[in-house]
Amino acid sequence: MKYISKIKVLILSIFFLGACTGDFEKINVDENLPTTANSGTLLPSTIFDGLNPHLNLQFELTNQLMQYKVYRNANQSDRYDLVSGAAIFDGFWEAAYKVMLDNNESIVYAQENGLNAYEAAAKILNAFYGASLTELWIDVPFSEASKGVSASIQPAYDKQEDVYAKVLMLLEEANALLAADTKGFVMKGDILFGGDVMKWRKMANSLHLRYLLRLSNQGSINASTKINAIVSNPSTYPIIDSNDEAAIYDFSGVEPNSSDFSLKTALSGLSPSARFVSVLDGVDASEDADDDPRLPFFATKPPAAPNGPFVGVLSGTTREEAQGTGGNAELYASQFTSKFQENRGLLDFVFISNAEVQFILAEARLKNWITTSTSKSYYETGIAANLAYWNITMPVDFLTRADVVWDDTLDTLMNQKWIAMFFNNTLEAWGDNKRTGLPNLIPGPLATTVTGGLIPTRVFYPTLEQSVNSANYSAASSSIGGDNITSKHWYQN
């Protein structure tokens with residue numbers, strides 16, 4: 001999945017996206033470059049361009065809301081002061097709509113030239129970004145998404161139920177297109193799967209399972225029947241079944257093919273949350289023997305007490321309280337590892353992992369929506385898949401430990417899924433929490449000052465929308481009870 005040519009293709013994509021006017025454009029035209037974009041030149045940018053904006057909103061929003069980590073020096077997000085993160089959220093809004101604009105162009109070209117694989121890939125990516133956008137804002141432009149990147153155009157907003165209906169339809173269409181495909185990615189450009197059509201199909205159907213599960217509280221979706229139809233018919237609906245098949249973009253670590261997080265020069269002030277430590281620290285926090293091996297993988301012990309226990313920082317406190325952890329958090333609180341900065345190719349972008357698929361199947365089996373295998377088997381496979389993804393050896397007794405062993409409860413399943421989503425896709429962990437209320441996160445002591453003790457469900461609409469698309473913005477905001485961060489999603493109970 002790593003291509004040396006990626007840099008050249010990205011530069012070419014930027015050229016098409018940022019075409020200038022007047023004499024400057026004439027001067028800077030390279031006569032050796034193609035003059036019109038096609039599906040082959042668009043695909044690399046539509047795969048790549050949204051990745052860092054998506055990761056950045058995870059690092060600055062959902063990692064804190066889902067209580068994985070705490071920025072001790074600036075912990076606004078885990079105190080639910082989301083105004084401070086507006087630049088990050090607005091950046092994702094802009095990036096997602098640019099990706100969808102290019103995808104729409106690619107779809108037209110692919111349809112005109114009988115390129116099923118390219119049409120399907122564009123539809124899968126549009127479904128992914130459409131679902132991500134509605135998870136962040138609820139009602140968003142989607143039917144008119146191609147208009148969403150221009151401040152001079154006012155796209156209408158779709159209701160969340162209509163966004164998700166379109167998302168599910170796109171994934172169904174993509175699977176059918178790929179099943180009938182005979183050409184593959186003949187124009188190259190597939191920097192995600194290297195031209196493997198079957199992996200794109202499995203991505204489409206696995207995402208389909210994710211979003212059906214997300215909507216399963218809405219009876220009108222009939223999610224249980226549709227999930228069963230996918231799982232019971234693998235020839236028609238192949239899904240991800242191993243880590244090698246997962247939809248994961250492989251950052252090389254060589255600029256510009258690296259994550260923004262890997263380029264951070266310092267991680268001072270970044271600690272695992274108290275919940276993260278307590279959940280992974282085993283049933284006996286005074287010893288290391290029963291620790292989840294992912295805890296020492298992600299975090300280090302306090303600098304001044306390397307032989308003592310891990311110490312997490314409480315979410316949702318003041319800066320002074322966070323810095324005062326253990327008396328002096330710089331010395332007596334755990335820190336997050338810098339391994340992702342030392343090895344810039346270690347952190348990748350996860351569209352959907354094998355572990356997540358296994359946990360989806362575990363929940364579906366627990367609720368008797370499917371009849372294949374057992375909840376226990378899917379659950380244990382999900383845990384093993386996440387450990388293997390990080391190349392962590394599973395302790396021989398790990399699956400029988402008191403805090404890990406399968407007990408036929410959704411609480412246990414969602415707790416392990418929460419662990420597995422860290423540094424994978426915590427936006428989806430947030431969605432799971434909104435759907436199920438699990439894992440049971442306790443808002444920090446300052447939560448009452450912003451949300452009355454409720455965990456945020458969304459972020460504010462971009463400021464630019466409020467000025468250049470005011471009529472549609474006002475209608476969308478009004479329909480969800482005002483532009484506040486605790487508005488309920490359509491799929492929530």
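**A predicted chain, from overall fold to local detail**

In this predicted model, 76% of the contacts in the protein chain between residues at least 6 apart in sequence join residues at least 24 apart. The secondary structure consists of 21 helices and six strands. The radius of gyration is 22 Å, close to the 23 Å that the globule rule gives for 493 residues, so the chain is as compact as a globular protein of that length. Along the principal axes, the C-alpha atoms fill a box of roughly 65 × 50 × 45 Å.

Next, burial and surface. Of the 493 residues, 57% are buried. The protein chain exposes about 19,000 Å². Carbon and sulfur atoms supply 53% of that area. The charged side chains comprise 36 positive and 55 negative ones. The centres of these two sets lie 2 Å apart.

Asp 181 sits in the loop between helix H7 (160-179) and helix H8 (197-214). Asp 181 is buried, yet has no salt bridge. Its nearest side chain of opposite charge is Lys 183, 7.8 Å away. A salt bridge needs a side-chain nitrogen of Lys or Arg within 4 Å of a carboxyl oxygen. What does Asp 181 touch, leaving aside residues up to four places away in sequence? The contacts are Asn 116, Ala 117 and Val 197.

Now the backbone. Pro 256 belongs to the loop between strand S2 (247-249) and strand S3 (270-272).

Positive phi values come next. Tyr 80 is a residue other than glycine, yet its phi is near 70°. Tyr 80 is placed in the loop that runs between strand S1 (69-71) and helix H5 (86-112). Is Tyr 80 buried or exposed? Its relative accessibility is 2%, so Tyr 80 counts as buried; the cut-off for burial is under 20%.

Ser 373 also has a positive phi without being glycine, here near 50°. Ser 373 is found in the loop between helix H15 (354-366) and helix H16 (375-389). With a relative accessible area of 37%, Ser 373 is partly exposed. Tyr 80, by contrast, is buried.

How values were computed: Residues numbered from 1 in each chain as written. Predicted model: local features only at pLDDT ≥ 70, side-chain atom pairs only at ≥ 80, totals over all residues. Heavy atoms only, no water. Helix = DSSP H or I, 4+ residues; strand = E, 2+ residues; numbered from the N terminus. Rg over C-alpha atoms; globule rule 2.2 N^0.38 Å. Buried < 20%, exposed > 50% of the residue type's maximum accessible area, 1.4 Å probe, protein only. Contact = heavy atoms within 4.5 Å. Areas by Shrake-Rupley, 256 points an atom, 1.4 Å probe, with all protein chains shown as cover. Lys, Arg positive; Asp, Glu negative; His and termini not counted. Charge placed at Lys NZ, Arg CZ, Asp CG, Glu CD.
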